[in-house]
Amino acid sequence: MSPLNSQRQIGGLDMATVRAELQRWPATSAPISRYEYGQRLHRARLLMRELGIDAVLITAGASLRYFTGIAWGASERLVGLLITARGNPIVICPTFEVGSLQCVLRIEADLRLWEEHESPHALVVQALQERFAGNLALDPTAAYTVATRLVDALGERRLTDASAIIDGCRMRKSVAELALMQQATAMTLYVQRLAAAVLHEGISNHELVRFIDDGHRTLGADNGSTFCIVQFGQATAYPHGIPGEQRLQRDDLVLIDTGCAVQGYNSDITRCYAFGLPDAQQAKIWSLEQAAQRAAFEAVRPGVTCEAVDAAARAVIERVGLGPDYRLPGIPHRTGHGCGLSIHETPYLVRGNRTVLQSGMCCSNEPMIVVPDHFGIRLEDHFHVTEDGAAWFTEPSPAFDQPFA
């Protein structure tokens, strides 16, 4: 891939030329194996036994994909996976969807089908009776209507929260999962480099969003960009941007936060730099942001709590009089979030979260600093916890005028 041979990183490339040279990502990661899906179910059952849970119902969404390979969006029709202590897991779905579902199912499972006039919740209860399951833990992302209808159908059986089981499986990534996330982050970082290179005065944020989506799509991401925030100038002071079209002007700050998915596994990278010359305050805050991100990374190791990583980032800016807490100028939100099949998932790097970091956990590192009504600086890269520290998926920005290593 040749559009980035130049030493110049911000501006200078023609968008049409870059599009013409984009090609599919050359090194694709292997999909999750059937063996690994089996290991996930085994892990879930071990946790169920430890917690005294007889059965778990996983509804459509990222966790259903995690355990079965079924990438299915939630709707008013219940599609789910019932895991019991013994026997094949049970997939529950509408009869007319069974063909589509079987095309993507990656585990051995029994099927329980329901017609449009029937109750899928009654099917769940029937399966619990057959498997002698006295209680049921429910996916925490399940819709309220699913929970209330299950309560009605369960009778004396107890409904509990399955978070400890689901998070206990999903938080620590396998080697195969890390490889998929490594590919996704590498692709997004490359698209970020291209976006920086094609900047010119007058380009709109909407045009850049489309360009970034096209780049992700051409490289082979699942569905282009999963999200994309492009903000210029004062709009960078809003962590998730403001609506409407913006046109880039000389010396504007640029903030681009975007990601893609590879076989469902997400990337999420932010770069912030000046299109021209930053003023002294912007340069100072950028250096603080870089130092806060580095401090958070250096605090990571197995056995450290999530809140300790957040505290390490905040200590950097509080030493120079910013903050404290979430006060502005300062850091308005948590330092980071977990990432995997969901862009935001456990664990969260935030005060009060005493979850202990373990190898295989993956998080963003993005202690954004906001100067209200003026600008914001966010540098975001993701890391995974190793046996003795942490490793970056992508190299952080080395300098304000050099956003890419």
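This is a predicted model: local features need pLDDT of at least 70, side-chain atom pairs count only at pLDDT 80 or more; totals for chains, interfaces and linings use all residues.

User: Then what does the side chain of D252 reach?

Analyst: The backbone nitrogen of Q249, at 2.9 Å. Polar contacts are counted within 3.5 Å.

User: And R250, what does its side chain meet in a salt bridge?

Analyst: The side chain of E201, with 3.8 Å from N to O. The limit is 4 Å, so the label holds. E201 lies in the loop between α8 and α9 (205-219), while R250 is in the loop between β7 (225-232) and β8, so the pair ties together parts that are 49 residues apart in sequence.

User: Why is R250 called partly exposed?

Analyst: Its relative accessibility is 44%. Buried means under 20% and exposed means over 50%, so a value in between counts as partly exposed.

User: How many salt bridges does the structure hold?

Analyst: There are 18. One of them joins D310 and R314, whose closest N and O atoms are 2.9 Å apart, against a limit of 4 Å. Both residues lie in helix α11 (residues 306-318), 4 residues apart, which is about one turn of the helix.

User: How do you know whether D310 and R314 are buried or exposed?

Analyst: From their relative accessibility. D310 has 2%, so it counts as buried. R314 has a relative accessible area of 4%, so it is buried as well. The cut-off for buried is under 20%.

User: What makes E366 and R378 a salt bridge?

Analyst: Their closest N and O atoms are 3.7 Å apart, and the definition asks for within 4 Å. E366 is in the loop between β13 (362-365) and β14 (369-371), and R378 in the loop between β15 (375-377) and β16 (381-385), so the pair ties together parts that are 12 residues apart in sequence. E366 counts as buried because its relative accessibility is 8%, and R378 counts as buried at 1%. Elsewhere, salt bridges that share partners join E36, R40 and E177 into one network.

User: Why does K173 count as buried?

Analyst: Its relative accessibility is 7%, so K173 falls under the 20% cut-off. K173 lies in the loop between α7 and α8 (175-197). Its side chain makes a polar contact with the side chain of E345, at 2.5 Å.

User: Now the largest pocket: which element gives the most to its lining?

Analyst: That's α7, with 4 residues. α3 (62-68), α7 (163-170) and β12 (345-349) each supply at least two. The pocket has a volume of about 250 Å³ and is lined by 18 residues, with S63, T141, I166, D167 and R170 nearest its centre.

User: How do the residues of that lining divide?

Analyst: Into 6 nonpolar, 8 polar and 4 charged. In that scheme, Asp and Arg count as charged, Ile as nonpolar.

Technical notes. Residues are numbered from 1 along each chain as its sequence is written. Side-chain values use heavy atoms; hydrogens and water are left out. On a 1 Å grid over the protein atoms alone, a cavity is a set of points where a 1.4 Å probe fits but cannot get out, and a pocket is an open set with protein on both sides within 12 Å along at least five of seven lines; lining residues have an atom within 4 Å of a point. Grid points are joined across faces, edges and corners, and a volume is the space filled by probe spheres set on the points. A polar contact is a pair of N or O atoms within 3.5 Å; within protein, one must be able to donate a hydrogen and the other to accept it, and residues adjacent in sequence count only if both atoms are side-chain atoms. Buried means under 20% relative accessible area, exposed over 50%, partly exposed in between (1.4 Å probe, protein chains only).
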